[in-house]
Amino acid sequence: MENNTKKTLQAHIAILTANMIFGLGVPVTKFLLDDWVTPMTYMAFRCVGATLIFWAIAMFLPKEPVKRRDLLVIMAGGLLGFVISQTLTAWALQFTTPVYFSLIATLTPIATMLMAALFLGERITRLKTVGVLLAIVGAALMVIVRWQSGTGSNDLLGIALAILSVLTWVVYLLITRKVSQAYSAVTQMKWIFLVSSVAVLPFAVGDIPQTRLLTDFSPSMDWFYGASAMFFIVVFATVLGYFMIPYAMQYLKATTVSIYTNLQPVVASLIAIAIGQDILTWDKPVAAILVLLGVFLVTGWTTKRTTQ
């Protein structure tokens, strides 16, 4: 029991860290897309970089055979949870505002909880419901307070794409739940990013001439900042972040994992303030408190009795 509690705590720390990294990745990604890469070459850097790193790590670990059926699930999960979900996110932001997209993204835990209850038979307790709602209120508070009157070029299409992005991520969490418990995170990630690279590269090759990070190579400090930002995205926001997700899912339910996604807009906003992309307003710390309280209500009172 004590060992299970320790593993559960480590899983919570892992998924908390992953979502803080993902939140930090938002302003870094904006910096890259503004000047250094196109959306498709951005995805290609992430896929190829993560593939090389995970396969290199796997060479020094005991070989772990994967059943054919499980390999198909892992690959399908990679296409859904990384390639399709991330691509839909980029497209959604082309048609609607970040405000609308952020509001849709905060529905991830509710979608996960409902789909897990519908397809996996997970029980929805009153405490979990309250926790999820508090976290959603906290994440949504910032964007509501800072609501802008401007709209996107096609908000209806953008919102539809945002919903599809959320749903594909939720499906990834659910369909990889069992294989996440059966195989190491490195084994899962090396296959996920290999199939992702195969899927993305054909679409990224044509964007290379428009990719300043590749065509404007020079030893200047400006290029160094761009390269460092891409390094952070590949190593931390991709390799480390996506390594922690399957690790956490070995000990936590999909609903519990999804609740932490509400930390991302909070972290992204705080980082944006620190680097001058945003200003501090009263809603930011209040939102952070609500999100953390929601996480505690969903997970904190139940880990002593059962593995989430």
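Reply: Happy to. Val198 has its place in helix H9, which covers residues 185-204. Please keep in mind that this is a predicted model. With a relative accessibility of 58%, Val198 counts as exposed, because the cut-off for that class is over 50%. Val198 also takes part in a nonpolar surface patch: together with Trp55 and Leu194 it makes up about 250 Å².

For a contrast, let's turn to Thr168, which sits in helix H7, residues 155-175. Thr168 has a relative accessible area of 13%, so it is buried, the limit being under 20%. What does Thr168 touch, once its neighbours within four places in sequence are left aside? The partners are Leu80, Ile84, Ser85 and Leu88. The side chain of Thr168 also has a polar atom 2.8 Å from the backbone oxygen of Ser165.

Now for the chain around these two residues. It has 308 residues, and 48% of them are buried. Its 14 helices come with zero strands, so the pattern read along the sequence is α-α-α-α-α-α-α-α-α-α-α-α-α-α. Of the contacts between residues at least 6 apart in sequence, 88% join residues at least 24 apart.

Notes
Residues numbered from 1 in each chain as written. Predicted model: local features only at pLDDT ≥ 70, side-chain atom pairs only at ≥ 80, totals over all residues. Heavy atoms only, no water. Helix = DSSP H or I, 4+ residues; strand = E, 2+ residues; numbered from the N terminus. Buried < 20%, exposed > 50% of the residue type's maximum accessible area, 1.4 Å probe, protein only. Polar contact = N/O pair within 3.5 Å; in protein donor to acceptor, adjacent residues only side chain to side chain. Contact = heavy atoms within 4.5 Å. Patch = residues over 30% accessible without salt bridge, like charges linked within 9 Å, V, L, I, M, F, W, Y side chains within 5 Å. Areas by Shrake-Rupley, 256 points an atom, 1.4 Å probe, with all protein chains shown as cover. Salt bridge = Lys/Arg side-chain N within 4 Å of Asp/Glu carboxyl O.
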